[in-house]
Amino acid sequence: MPSMVVIPTNGHVRRRVLVDRVHSIVSNRVQNGDEQYLVRWSTDSPTNTPPLSWHSITELLRCLEHVQDYLDGREKFMQASSQIRKRKNPDSGLEVERRASPFDRRLQTGSRTPSASRSSSVSSAAPSTSSPIDIYNGVLDADEHHAIFCRNSTGADIARLDIRTVPTPDMSRTAHRASVDKALTYIRNEYVRKLARVPGKEGKALYLINSVDSSTPSLRFRYISEYVLDEKNGVYRASSETQQGCTKCSPHMGRNIGCEYTKKCDCLEYAAVDESRLDAAEKAKYDEARATGASTMGFSKKFPYFASSNKRGKTRCLVPFYLNSRRPIYECNDKCDCGPYCRNKNVQFGRQVEVEIFRTSGGRGWGLRCKEDLCQGQFIDTYRGEVITDAEATRREHASSKAKASYLYSLDKFAVSESIADEDIYVVDGEFMGGPSKFINHSCEPNCRQYTVSYNKHDLRVYDIAFFACRPIPKGEELTFDYLDKDEGTSMDEPGEGAIPCLCGAAKCRKWLWT
Ligand SMILES: C[S@@+](CC[C@H](N)C(=O)[O-])C[C@H]1O[C@@H](n2cnc3c(N)ncnc32)[C@H](O)[C@@H]1O
(Lines give C-alpha, C1' and ligand atoms only; values in the text may rest on other atoms or scores of the structure.)
Protein backbone atom coordinates (compact mmCIF):
# COMPACT_ATOMS: atom_id res chain seq x y z
CA MET A 1 0.00 0.00 0.00
CA PRO A 2 1.61 3.28 -1.04
CA SER A 3 1.84 5.97 1.63
CA MET A 4 -0.31 9.06 1.70
CA VAL A 5 0.21 12.75 1.14
CA VAL A 6 -1.83 14.92 3.47
CA ILE A 7 -3.82 17.61 1.74
CA PRO A 8 -5.66 20.23 3.75
CA THR A 9 -9.04 21.15 2.33
CA ASN A 10 -11.29 24.10 3.13
CA GLY A 11 -9.00 25.06 5.97
CA HIS A 12 -10.43 22.51 8.43
CA VAL A 13 -10.63 18.99 7.09
CA ARG A 14 -7.44 17.17 6.23
CA ARG A 15 -7.75 14.60 3.54
CA ARG A 16 -5.19 12.19 2.23
CA VAL A 17 -4.12 11.31 -1.23
CA LEU A 18 -2.15 8.26 -2.29
CA VAL A 19 1.41 9.10 -3.10
CA ASP A 20 1.13 7.18 -6.34
CA ARG A 21 -1.21 9.88 -7.62
CA VAL A 22 1.65 12.40 -7.48
CA HIS A 23 3.18 12.53 -10.94
CA SER A 24 5.92 15.08 -10.26
CA ILE A 25 6.68 18.48 -8.82
CA VAL A 26 6.92 21.19 -11.43
CA SER A 27 7.67 24.45 -9.62
CA ASN A 28 8.25 26.07 -6.26
CA ARG A 29 7.66 29.38 -4.54
CA VAL A 30 7.48 30.97 -1.11
CA GLN A 31 4.17 32.57 -0.22
CA ASN A 32 3.62 34.42 3.05
CA GLY A 33 6.72 32.66 4.39
CA ASP A 34 5.34 29.25 3.36
CA GLU A 35 7.59 27.09 1.13
CA GLN A 36 5.29 25.64 -1.52
CA TYR A 37 5.59 23.21 -4.41
CA LEU A 38 3.42 22.84 -7.48
CA VAL A 39 2.27 19.22 -7.74
CA ARG A 40 1.34 17.66 -11.04
CA TRP A 41 -1.17 14.88 -10.38
CA SER A 42 -1.44 11.66 -12.34
CA THR A 43 -4.36 11.17 -14.65
CA ASP A 44 -5.73 7.94 -16.02
CA SER A 45 -5.20 8.99 -19.60
CA PRO A 46 -2.46 11.07 -21.20
CA THR A 47 -3.19 14.79 -21.22
CA ASN A 48 -1.39 18.06 -21.70
CA THR A 49 -3.63 19.67 -19.10
CA PRO A 50 -3.30 17.51 -15.98
CA PRO A 51 -4.42 18.70 -12.54
CA LEU A 52 -1.86 20.92 -10.82
CA SER A 53 -2.02 22.38 -7.34
CA TRP A 54 0.24 24.22 -4.92
CA HIS A 55 1.08 22.57 -1.61
CA SER A 56 3.02 23.55 1.43
CA ILE A 57 6.12 21.38 1.92
CA THR A 58 4.62 20.05 5.15
CA GLU A 59 1.81 18.46 3.13
CA LEU A 60 4.29 16.60 0.97
CA LEU A 61 6.35 14.84 3.62
CA ARG A 62 5.30 11.40 2.38
CA CYS A 63 6.41 12.07 -1.15
CA LEU A 64 9.70 13.83 -0.57
CA GLU A 65 11.35 11.72 -3.25
CA HIS A 66 9.31 13.68 -5.82
CA VAL A 67 10.41 16.94 -4.22
CA GLN A 68 14.01 15.70 -4.27
CA ASP A 69 13.78 14.76 -7.97
CA TYR A 70 12.49 18.24 -8.68
CA LEU A 71 15.18 19.97 -6.60
CA ASP A 72 17.95 17.90 -8.24
CA GLY A 73 16.68 18.96 -11.66
CA ARG A 74 16.33 22.56 -10.52
CA GLU A 75 19.91 22.55 -9.21
CA LYS A 76 21.31 21.14 -12.47
CA PHE A 77 19.28 23.63 -14.46
CA MET A 78 20.50 26.55 -12.38
CA GLN A 79 24.11 25.38 -12.68
CA ALA A 80 23.76 25.02 -16.44
CA SER A 81 22.15 28.48 -16.66
CA SER A 82 24.96 30.06 -14.68
CA GLN A 83 27.50 28.42 -17.01
CA ILE A 84 25.71 29.95 -19.96
CA ARG A 85 25.55 33.34 -18.25
CA LYS A 86 29.29 33.16 -17.64
CA ARG A 87 29.87 32.54 -21.33
CA LYS A 88 27.63 35.39 -22.44
CA ASN A 89 29.55 38.07 -24.29
CA PRO A 90 29.13 41.21 -22.19
CA ASP A 91 29.52 43.42 -25.25
CA SER A 92 26.90 41.79 -27.42
CA GLY A 93 24.09 42.14 -24.89
CA LEU A 94 22.47 39.14 -26.54
CA GLU A 95 20.76 36.55 -24.41
CA VAL A 96 22.17 33.10 -24.99
CA GLU A 97 19.49 30.60 -25.83
CA ARG A 98 18.37 28.50 -22.88
CA ARG A 99 20.00 25.09 -22.95
CA ALA A 100 17.88 21.98 -22.54
CA SER A 101 18.41 20.22 -19.21
CA PRO A 102 16.91 17.15 -17.54
CA PHE A 103 14.85 19.67 -15.57
CA ASP A 104 13.28 20.92 -18.80
CA ARG A 105 12.89 17.51 -20.33
CA ARG A 106 11.07 16.10 -17.33
CA LEU A 107 8.42 18.74 -17.47
CA GLN A 108 7.71 18.02 -21.09
CA THR A 109 7.22 14.30 -20.87
CA GLY A 110 3.74 12.90 -21.30
CA SER A 111 1.60 11.56 -18.50
CA ARG A 112 2.81 8.52 -16.60
CA THR A 113 1.29 5.18 -17.55
CA PRO A 114 -1.98 5.03 -15.69
CA SER A 115 -1.81 3.12 -12.45
CA ALA A 116 -4.17 0.23 -11.94
CA SER A 117 -5.10 1.51 -8.52
CA ARG A 118 -8.10 3.65 -7.91
CA SER A 119 -7.66 7.37 -8.24
CA SER A 120 -7.46 9.11 -4.97
CA SER A 121 -7.60 12.29 -3.02
CA VAL A 122 -8.74 15.29 -2.35
CA SER A 123 -9.21 18.88 -2.04
CA SER A 124 -12.37 20.28 -3.43
CA ALA A 125 -10.92 23.69 -2.84
CA ALA A 126 -12.67 26.24 -4.97
CA PRO A 127 -10.54 26.77 -8.03
CA SER A 128 -9.76 30.31 -8.79
CA THR A 129 -7.87 32.02 -11.56
CA SER A 130 -7.96 35.42 -9.98
CA SER A 131 -4.48 36.58 -9.16
CA PRO A 132 -2.52 35.04 -7.66
CA ILE A 133 -3.42 31.76 -9.37
CA ASP A 134 -3.40 29.12 -6.70
CA ILE A 135 -4.85 26.05 -8.36
CA TYR A 136 -4.04 25.53 -11.97
CA ASN A 137 -5.90 23.52 -14.46
CA GLY A 138 -7.74 21.01 -12.33
CA VAL A 139 -8.75 20.04 -8.86
CA LEU A 140 -8.49 17.16 -6.49
CA ASP A 141 -11.87 15.88 -5.45
CA ALA A 142 -13.55 13.21 -3.38
CA ASP A 143 -16.30 10.90 -4.63
CA GLU A 144 -19.32 9.61 -2.70
CA HIS A 145 -17.18 6.85 -1.17
CA HIS A 146 -14.67 9.45 0.01
CA ALA A 147 -12.14 8.11 -2.43
CA ILE A 148 -10.01 10.90 -3.62
CA PHE A 149 -9.25 11.49 -7.27
CA CYS A 150 -7.94 14.05 -9.68
CA ARG A 151 -10.62 15.83 -11.65
CA ASN A 152 -9.75 17.58 -14.87
CA SER A 153 -10.79 21.16 -15.06
CA THR A 154 -14.03 21.94 -16.78
CA GLY A 155 -15.24 25.10 -15.11
CA ALA A 156 -14.75 28.49 -16.70
CA ASP A 157 -13.06 29.61 -13.53
CA ILE A 158 -10.24 27.11 -13.89
CA ALA A 159 -7.33 28.04 -16.09
CA ARG A 160 -6.46 25.43 -18.69
CA LEU A 161 -2.71 25.42 -18.60
CA ASP A 162 -0.77 23.24 -21.00
CA ILE A 163 1.91 21.34 -19.05
CA ARG A 164 4.39 22.17 -21.80
CA THR A 165 4.15 25.83 -20.81
CA VAL A 166 4.54 25.14 -17.09
CA PRO A 167 6.54 26.48 -15.43
CA THR A 168 6.01 29.75 -17.21
CA PRO A 169 9.06 32.06 -17.40
CA ASP A 170 7.55 34.05 -14.51
CA MET A 171 7.12 30.94 -12.41
CA SER A 172 10.69 29.86 -13.17
CA ARG A 173 12.11 33.21 -12.14
CA THR A 174 10.18 33.06 -8.87
CA ALA A 175 11.17 29.43 -8.37
CA HIS A 176 14.87 30.07 -8.81
CA ARG A 177 14.81 32.91 -6.29
CA ALA A 178 12.69 31.11 -3.72
CA SER A 179 14.22 29.37 -0.72
CA VAL A 180 14.04 25.58 -0.70
CA ASP A 181 15.78 25.20 2.66
CA LYS A 182 12.86 23.56 4.45
CA ALA A 183 12.49 20.90 1.77
CA LEU A 184 16.23 20.19 1.84
CA THR A 185 16.12 19.77 5.62
CA TYR A 186 13.10 17.46 5.46
CA ILE A 187 14.80 15.40 2.74
CA ARG A 188 18.00 15.11 4.78
CA ASN A 189 16.06 14.09 7.92
CA GLU A 190 14.06 11.53 5.98
CA TYR A 191 17.27 9.97 4.66
CA VAL A 192 18.77 9.83 8.15
CA ARG A 193 15.60 8.08 9.39
CA LYS A 194 15.96 5.63 6.52
CA LEU A 195 19.55 4.88 7.53
CA ALA A 196 18.46 4.21 11.10
CA ARG A 197 16.22 1.43 9.78
CA VAL A 198 18.99 -0.29 7.80
CA PRO A 199 19.59 -3.72 9.28
CA GLY A 200 23.09 -4.08 10.67
CA LYS A 201 24.81 -5.47 13.67
CA GLU A 202 23.51 -3.86 16.82
CA GLY A 203 25.23 -0.58 17.54
CA LYS A 204 26.93 -0.55 14.14
CA ALA A 205 25.07 2.42 12.80
CA LEU A 206 25.22 4.14 9.44
CA TYR A 207 25.76 7.89 9.31
CA LEU A 208 25.34 10.64 6.74
CA ILE A 209 27.62 13.69 6.69
CA ASN A 210 27.62 16.54 4.20
CA SER A 211 29.77 19.57 4.87
CA VAL A 212 30.17 20.37 1.17
CA ASP A 213 26.73 21.23 -0.18
CA SER A 214 23.03 20.81 0.58
CA SER A 215 22.43 17.59 -1.34
CA THR A 216 21.24 14.25 0.07
CA PRO A 217 21.58 10.83 -1.60
CA SER A 218 18.46 9.69 -3.42
CA LEU A 219 15.48 8.85 -1.22
CA ARG A 220 14.43 6.41 -3.92
CA PHE A 221 17.32 4.13 -3.02
CA ARG A 222 16.20 1.07 -1.07
CA TYR A 223 18.55 -0.43 1.51
CA ILE A 224 18.62 -4.22 1.37
CA SER A 225 20.70 -6.78 3.20
CA GLU A 226 20.32 -9.62 0.69
CA TYR A 227 20.49 -9.74 -3.11
CA VAL A 228 17.19 -9.23 -4.93
CA LEU A 229 17.14 -11.73 -7.80
CA ASP A 230 15.42 -10.70 -11.02
CA GLU A 231 13.56 -14.00 -11.19
CA LYS A 232 11.09 -12.87 -13.80
CA ASN A 233 14.01 -12.56 -16.18
CA GLY A 234 15.37 -15.95 -15.20
CA VAL A 235 17.91 -15.10 -12.50
CA TYR A 236 18.19 -17.91 -9.95
CA ARG A 237 20.65 -19.29 -7.47
CA ALA A 238 21.71 -22.91 -7.99
CA SER A 239 19.14 -25.19 -6.36
CA SER A 240 19.53 -25.43 -2.59
CA GLU A 241 20.01 -29.18 -3.05
CA THR A 242 23.38 -28.46 -4.60
CA GLN A 243 24.50 -26.74 -1.42
CA GLN A 244 26.34 -29.14 0.83
CA GLY A 245 27.42 -28.59 4.39
CA CYS A 246 30.54 -30.05 5.88
CA THR A 247 29.72 -33.17 7.85
CA LYS A 248 33.04 -34.24 9.28
CA CYS A 249 33.54 -31.04 11.29
CA SER A 250 31.82 -30.35 14.59
CA PRO A 251 31.65 -27.50 17.07
CA HIS A 252 33.16 -29.84 19.66
CA MET A 253 36.35 -30.63 17.86
CA GLY A 254 39.55 -29.73 19.69
CA ARG A 255 39.40 -26.00 20.36
CA ASN A 256 35.67 -25.62 19.89
CA ILE A 257 36.01 -23.43 16.82
CA GLY A 258 33.99 -25.47 14.36
CA CYS A 259 35.99 -26.39 11.28
CA GLU A 260 39.47 -27.03 12.48
CA TYR A 261 40.94 -29.78 10.37
CA THR A 262 41.40 -28.41 6.92
CA LYS A 263 41.79 -31.86 5.38
CA LYS A 264 38.30 -32.88 6.43
CA CYS A 265 36.19 -29.84 5.70
CA ASP A 266 34.04 -30.40 2.58
CA CYS A 267 33.45 -26.68 2.24
CA LEU A 268 37.17 -26.17 1.63
CA GLU A 269 37.21 -28.63 -1.28
CA TYR A 270 38.12 -25.91 -3.79
CA ALA A 271 40.05 -23.74 -1.33
CA ALA A 272 43.80 -23.16 -1.71
CA VAL A 273 45.98 -26.10 -0.76
CA ASP A 274 48.48 -25.30 1.96
CA GLU A 275 51.57 -26.54 0.17
CA SER A 276 53.78 -25.83 3.17
CA ARG A 277 52.07 -28.71 4.96
CA LEU A 278 52.52 -31.33 2.24
CA ASP A 279 55.22 -33.95 2.55
CA ALA A 280 57.03 -35.19 -0.58
CA ALA A 281 54.50 -37.97 -1.32
CA GLU A 282 51.53 -35.65 -0.85
CA LYS A 283 53.19 -33.01 -2.98
CA ALA A 284 53.57 -35.53 -5.85
CA LYS A 285 49.88 -36.52 -5.51
CA TYR A 286 48.85 -32.89 -5.41
CA ASP A 287 50.84 -32.11 -8.58
CA GLU A 288 49.10 -34.99 -10.29
CA ALA A 289 45.67 -33.81 -9.12
CA ARG A 290 46.40 -30.36 -10.47
CA ALA A 291 47.57 -31.72 -13.81
CA THR A 292 44.48 -33.88 -14.25
CA GLY A 293 41.97 -31.50 -12.67
CA ALA A 294 41.12 -34.11 -10.01
CA SER A 295 39.64 -33.12 -6.64
CA THR A 296 42.05 -31.82 -4.03
CA MET A 297 39.82 -33.08 -1.22
CA GLY A 298 41.93 -34.61 1.53
CA PHE A 299 44.89 -32.24 1.13
CA SER A 300 45.54 -29.63 3.82
CA LYS A 301 43.85 -26.38 2.87
CA LYS A 302 44.31 -22.82 3.97
CA PHE A 303 41.57 -21.31 6.12
CA PRO A 304 40.77 -17.83 4.86
CA TYR A 305 40.50 -16.15 8.28
CA PHE A 306 42.50 -15.97 11.47
CA ALA A 307 40.73 -17.87 14.23
CA SER A 308 39.77 -16.19 17.49
CA SER A 309 42.53 -18.06 19.27
CA ASN A 310 45.04 -16.70 16.82
CA LYS A 311 46.96 -13.42 16.95
CA ARG A 312 45.17 -10.87 19.07
CA GLY A 313 43.30 -8.23 17.15
CA LYS A 314 43.42 -10.27 13.95
CA THR A 315 40.39 -12.45 14.67
CA ARG A 316 38.43 -13.07 11.46
CA CYS A 317 40.83 -10.97 9.39
CA LEU A 318 41.96 -12.46 6.09
CA VAL A 319 45.22 -14.40 6.34
CA PRO A 320 48.00 -12.97 4.15
CA PHE A 321 47.71 -15.75 1.56
CA TYR A 322 44.11 -14.84 0.72
CA LEU A 323 44.68 -11.14 1.21
CA ASN A 324 47.28 -11.17 -1.54
CA SER A 325 45.60 -13.62 -3.88
CA ARG A 326 42.50 -13.66 -6.02
CA ARG A 327 41.34 -17.05 -4.78
CA PRO A 328 37.65 -17.32 -4.01
CA ILE A 329 36.80 -17.77 -0.34
CA TYR A 330 34.50 -20.68 0.48
CA GLU A 331 32.72 -20.16 3.78
CA CYS A 332 30.80 -22.80 5.72
CA ASN A 333 27.03 -22.50 5.53
CA ASP A 334 23.81 -23.23 7.38
CA LYS A 335 23.86 -26.88 6.35
CA CYS A 336 27.26 -27.48 7.95
CA ASP A 337 27.71 -29.37 11.20
CA CYS A 338 30.42 -27.03 12.43
CA GLY A 339 28.15 -24.72 14.43
CA PRO A 340 27.67 -20.95 14.56
CA TYR A 341 31.13 -20.12 15.87
CA CYS A 342 33.00 -21.82 13.07
CA ARG A 343 36.10 -19.84 12.13
CA ASN A 344 35.13 -20.31 8.50
CA LYS A 345 32.04 -18.07 8.81
CA ASN A 346 32.46 -14.33 8.60
CA VAL A 347 31.13 -12.39 5.60
CA GLN A 348 27.75 -14.11 5.90
CA PHE A 349 27.14 -12.24 9.19
CA GLY A 350 27.21 -8.91 7.35
CA ARG A 351 28.80 -5.58 8.16
CA GLN A 352 30.35 -5.42 11.64
CA VAL A 353 31.81 -1.91 11.49
CA GLU A 354 30.32 1.59 11.68
CA VAL A 355 30.50 3.51 8.44
CA GLU A 356 29.66 7.01 7.33
CA ILE A 357 28.37 8.14 3.96
CA PHE A 358 29.93 11.53 3.22
CA ARG A 359 29.99 14.09 0.44
CA THR A 360 33.45 14.20 -1.14
CA SER A 361 34.89 17.59 -1.96
CA GLY A 362 36.78 16.40 -5.04
CA GLY A 363 33.84 15.98 -7.44
CA ARG A 364 33.41 12.25 -6.84
CA GLY A 365 29.92 12.54 -5.38
CA TRP A 366 29.32 10.54 -2.22
CA GLY A 367 31.94 8.38 -0.59
CA LEU A 368 32.19 5.99 2.35
CA ARG A 369 34.51 6.04 5.34
CA CYS A 370 34.87 4.05 8.50
CA LYS A 371 34.23 5.40 11.97
CA GLU A 372 36.72 3.05 13.57
CA ASP A 373 40.29 1.92 12.91
CA LEU A 374 40.44 -1.15 10.70
CA CYS A 375 43.07 -3.90 10.71
CA GLN A 376 44.63 -5.22 7.55
CA GLY A 377 42.37 -8.00 6.26
CA GLN A 378 39.29 -6.86 8.21
CA PHE A 379 35.94 -7.47 6.55
CA ILE A 380 33.96 -4.28 5.88
CA ASP A 381 30.80 -5.08 3.94
CA THR A 382 29.39 -6.88 0.93
CA TYR A 383 28.13 -5.28 -2.27
CA ARG A 384 24.38 -5.66 -2.55
CA GLY A 385 21.86 -4.92 -5.26
CA GLU A 386 19.55 -6.46 -7.81
CA VAL A 387 21.02 -9.48 -9.57
CA ILE A 388 20.11 -9.10 -13.23
CA THR A 389 20.98 -10.77 -16.50
CA ASP A 390 23.76 -9.54 -18.74
CA ALA A 391 21.15 -8.47 -21.31
CA GLU A 392 19.27 -6.40 -18.73
CA ALA A 393 22.55 -4.82 -17.55
CA THR A 394 23.35 -3.86 -21.14
CA ARG A 395 19.88 -2.40 -21.54
CA ARG A 396 20.30 -0.33 -18.36
CA GLU A 397 23.76 0.84 -19.46
CA HIS A 398 22.44 2.01 -22.80
CA ALA A 399 19.53 3.76 -21.13
CA SER A 400 21.80 5.93 -18.99
CA SER A 401 24.50 8.35 -20.03
CA LYS A 402 28.12 7.24 -19.87
CA ALA A 403 28.92 10.12 -17.53
CA LYS A 404 26.37 8.91 -14.97
CA ALA A 405 27.68 7.01 -11.97
CA SER A 406 27.80 3.27 -12.59
CA TYR A 407 26.82 0.69 -10.00
CA LEU A 408 26.99 -2.44 -12.17
CA TYR A 409 29.17 -5.28 -11.03
CA SER A 410 29.65 -8.50 -13.06
CA LEU A 411 29.61 -11.83 -11.24
CA ASP A 412 32.15 -13.25 -13.66
CA LYS A 413 34.69 -14.78 -11.27
CA PHE A 414 34.18 -18.31 -12.60
CA ALA A 415 33.34 -17.36 -16.19
CA VAL A 416 36.70 -18.29 -17.70
CA SER A 417 37.53 -21.35 -15.58
CA GLU A 418 34.02 -22.82 -15.98
CA SER A 419 33.39 -21.64 -19.57
CA ILE A 420 30.32 -19.58 -18.71
CA ALA A 421 29.20 -17.69 -21.80
CA ASP A 422 29.16 -13.88 -21.53
CA GLU A 423 25.38 -13.76 -21.92
CA ASP A 424 24.95 -16.16 -19.00
CA ILE A 425 26.91 -14.06 -16.53
CA TYR A 426 24.80 -12.29 -13.94
CA VAL A 427 25.39 -8.66 -12.96
CA VAL A 428 24.71 -6.90 -9.64
CA ASP A 429 23.13 -3.48 -10.01
CA GLY A 430 23.43 -1.43 -6.81
CA GLU A 431 21.93 1.77 -8.21
CA PHE A 432 18.36 1.44 -7.00
CA MET A 433 18.78 -0.92 -4.08
CA GLY A 434 21.81 -2.09 -2.18
CA GLY A 435 23.92 -1.24 0.83
CA PRO A 436 26.28 1.53 1.92
CA SER A 437 29.13 -0.08 -0.04
CA LYS A 438 27.53 1.35 -3.19
CA PHE A 439 29.21 4.60 -2.14
CA ILE A 440 32.76 3.22 -2.18
CA ASN A 441 34.72 5.21 -4.75
CA HIS A 442 37.61 4.12 -6.91
CA SER A 443 41.26 4.82 -6.16
CA CYS A 444 44.31 3.80 -8.16
CA GLU A 445 46.03 3.31 -4.77
CA PRO A 446 43.16 1.81 -2.76
CA ASN A 447 42.94 0.77 0.87
CA CYS A 448 40.32 -1.96 0.27
CA ARG A 449 39.94 -4.83 -2.13
CA GLN A 450 37.00 -6.91 -3.26
CA TYR A 451 36.94 -10.70 -2.87
CA THR A 452 34.68 -13.47 -4.07
CA VAL A 453 32.95 -15.24 -1.18
CA SER A 454 30.82 -18.31 -1.78
CA TYR A 455 28.59 -20.35 0.54
CA ASN A 456 27.74 -22.91 -2.11
CA LYS A 457 30.75 -24.18 -3.98
CA HIS A 458 28.47 -25.51 -6.73
CA ASP A 459 26.86 -22.15 -7.50
CA LEU A 460 29.14 -20.49 -10.02
CA ARG A 461 26.85 -17.59 -10.88
CA VAL A 462 25.63 -16.16 -7.58
CA TYR A 463 28.16 -15.41 -4.87
CA ASP A 464 29.05 -12.47 -2.64
CA ILE A 465 31.42 -9.63 -3.42
CA ALA A 466 33.04 -8.69 -0.11
CA PHE A 467 35.25 -5.71 0.70
CA PHE A 468 38.20 -6.18 3.04
CA ALA A 469 40.81 -3.65 4.20
CA CYS A 470 44.02 -4.41 2.31
CA ARG A 471 46.09 -2.40 4.80
CA PRO A 472 45.43 -0.88 8.21
CA ILE A 473 42.96 2.00 7.77
CA PRO A 474 42.69 4.74 10.39
CA LYS A 475 39.16 5.86 11.23
CA GLY A 476 37.92 8.71 9.06
CA GLU A 477 39.94 7.74 5.99
CA GLU A 478 37.86 7.29 2.85
CA LEU A 479 37.39 3.64 1.84
CA THR A 480 38.36 2.97 -1.77
CA PHE A 481 38.99 0.03 -4.03
CA ASP A 482 40.38 -0.35 -7.52
CA TYR A 483 37.39 -0.65 -9.87
CA LEU A 484 39.55 -2.39 -12.48
CA ASP A 485 41.51 -4.57 -10.04
CA LYS A 486 43.97 -5.39 -12.79
CA ASP A 487 47.05 -7.51 -12.23
CA GLU A 488 50.10 -5.46 -11.46
CA GLY A 489 51.79 -4.20 -14.60
CA THR A 490 48.70 -4.68 -16.82
CA SER A 491 48.40 -1.62 -18.99
CA MET A 492 45.21 0.35 -19.46
CA ASP A 493 43.45 0.72 -22.81
CA GLU A 494 43.74 4.09 -24.51
CA PRO A 495 40.90 6.38 -23.36
CA GLY A 496 38.06 6.34 -25.88
CA GLU A 497 35.40 8.97 -26.50
CA GLY A 498 33.50 9.66 -23.27
CA ALA A 499 36.19 8.03 -21.06
CA ILE A 500 35.68 9.06 -17.44
CA PRO A 501 38.61 10.93 -15.82
CA CYS A 502 39.75 9.57 -12.48
CA LEU A 503 39.77 12.08 -9.65
CA CYS A 504 41.28 9.83 -6.98
CA GLY A 505 44.30 12.12 -6.58
CA ALA A 506 46.73 9.23 -5.95
CA ALA A 507 50.36 9.77 -6.88
CA LYS A 508 50.15 6.77 -9.22
CA CYS A 509 46.73 7.69 -10.64
CA ARG A 510 46.05 6.04 -14.02
CA LYS A 511 44.05 9.18 -14.96
CA TRP A 512 40.99 7.31 -16.20
CA LEU A 513 38.26 5.54 -14.28
CA TRP A 514 37.05 3.66 -17.33
CA THR A 515 38.43 3.99 -20.84
C1 LIG B 1 29.76 2.96 -7.25
S2 LIG B 1 29.62 4.67 -7.49
C3 LIG B 1 30.43 5.32 -6.10
C4 LIG B 1 29.54 6.30 -5.34
C5 LIG B 1 29.32 7.60 -6.03
N6 LIG B 1 30.42 8.51 -5.79
C7 LIG B 1 28.00 8.25 -5.61
O8 LIG B 1 27.96 9.45 -5.32
O9 LIG B 1 26.98 7.55 -5.59
C10 LIG B 1 30.71 4.87 -8.83
C11 LIG B 1 30.70 6.25 -9.42
O12 LIG B 1 31.33 7.18 -8.54
C13 LIG B 1 32.13 8.10 -9.27
N14 LIG B 1 33.55 7.86 -8.93
C15 LIG B 1 34.01 6.90 -8.11
N16 LIG B 1 35.34 6.97 -7.99
C17 LIG B 1 35.75 8.00 -8.75
C18 LIG B 1 37.04 8.56 -9.07
N19 LIG B 1 38.17 8.09 -8.56
N20 LIG B 1 37.07 9.61 -9.94
C21 LIG B 1 35.93 10.09 -10.47
N22 LIG B 1 34.70 9.62 -10.21
C23 LIG B 1 34.60 8.58 -9.36
C24 LIG B 1 31.89 7.78 -10.74
O25 LIG B 1 30.82 8.57 -11.18
C26 LIG B 1 31.47 6.33 -10.71
O27 LIG B 1 30.67 5.97 -11.82
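This is a predicted model: local features need pLDDT of at least 70, side-chain atom pairs count only at pLDDT 80 or more; totals for chains, interfaces and linings use all residues.
Arg 395 has a relative accessibility of 48%, and so it counts as partly exposed. Arg 395 forms a salt bridge with Glu 392, with 2.8 Å between the closest N and O atoms. Where do Arg 395 and Glu 392 lie? Both belong to helix α7, residues 390-399, and they are three residues apart, which is about one turn of the helix.

A network of salt bridges links Glu 386, Glu 392, Arg 395, Arg 396 and Asp 429. Across the structure as a whole, the number of salt bridges is 23.

Let me turn to another of these contacts. Arg 359 forms a salt bridge with Asp 213, and the closest N and O atoms are 3.2 Å apart. Which parts of the chain does this pair tie together? Arg 359 lies in strand β13, whereas Asp 213 lies in the loop between β9 (206-209) and β10 (222-223), so the contact ties together parts that are 146 residues apart in sequence. As for accessibility, Arg 359 is partly exposed at 21%, and Asp 213 is also partly exposed, at 33%.

A further salt bridge joins the side chains of Lys 232 and Asp 230, at 3.6 Å from N to O. Are its two members buried or exposed? Lys 232 counts as exposed, because its relative accessibility is 74%. Asp 230, at 10%, counts as buried.

I move now to charge at the surface. Asp 412, Asp 422, Glu 423 and Asp 424 form a negative surface patch. One of these residues, Asp 422, is found in the loop between β17 (408-410) and β18 (427-429). Asp 422 has a relative accessible area of 56% and is therefore exposed.

Gly 363 sits in the loop that runs between β13 (355-359) and β14 (366-370). How far apart are Gly 363 and Glu 65? They are separated by 298 residues in sequence and by 23 Å in space, taken from C-alpha to C-alpha.

Next, some points of backbone geometry. Val 166 and Pro 167 are joined by a cis peptide bond, with omega at about 0°. Pro 167 has its place in the loop between β8 (148-152) and α3 (169-177).

Arg 316 is not a glycine, yet its phi is positive, at about 65°. This residue is found in the loop between α5 (280-292) and α6 (320-323). Its relative accessibility is 25%, so Arg 316 counts as partly exposed.

Lys 511 likewise has a positive phi, near 80°, and is a residue other than glycine. Its place is in the loop between β24 (500-501) and β25 (512-514). With a relative accessibility of 52%, Lys 511 counts as exposed.

I close with an annotation. An unreviewed UniProt entry places the feature "domain: Post-SET" at residues 498-514. What is the secondary structure over residues 498-514? The chain there is 0% helix and 29% strand, and the C-alpha atoms at its ends are 9 Å apart.

How values were computed
Residues are numbered from 1 along each chain as its sequence is written. Side-chain values use heavy atoms; hydrogens and water are left out. Patches are made of residues with over 30% relative accessible area and no salt bridge: like charges are joined within 9 Å, nonpolar side chains (Val, Leu, Ile, Met, Phe, Trp, Tyr) within 5 Å. Accessible areas come from the Shrake-Rupley method with a 1.4 Å probe; for residues, only the protein chains shown count as cover. A salt bridge is a side-chain nitrogen of Lys or Arg within 4 Å of a carboxyl oxygen of Asp or Glu. Lys and Arg count as positive and Asp and Glu as negative; His and the chain ends are not counted. The place of a charge is taken as NZ of Lys, CZ of Arg, CG of Asp or CD of Glu. Helices (H or I, at least four residues) and strands (E, at least two) are DSSP runs, numbered from the N terminus. Buried means under 20% relative accessible area, exposed over 50%, partly exposed in between (1.4 Å probe, protein chains only). UniProt positions are given in the numbering used here, feature names are shortened, and annotations may be inferred rather than shown by experiment.
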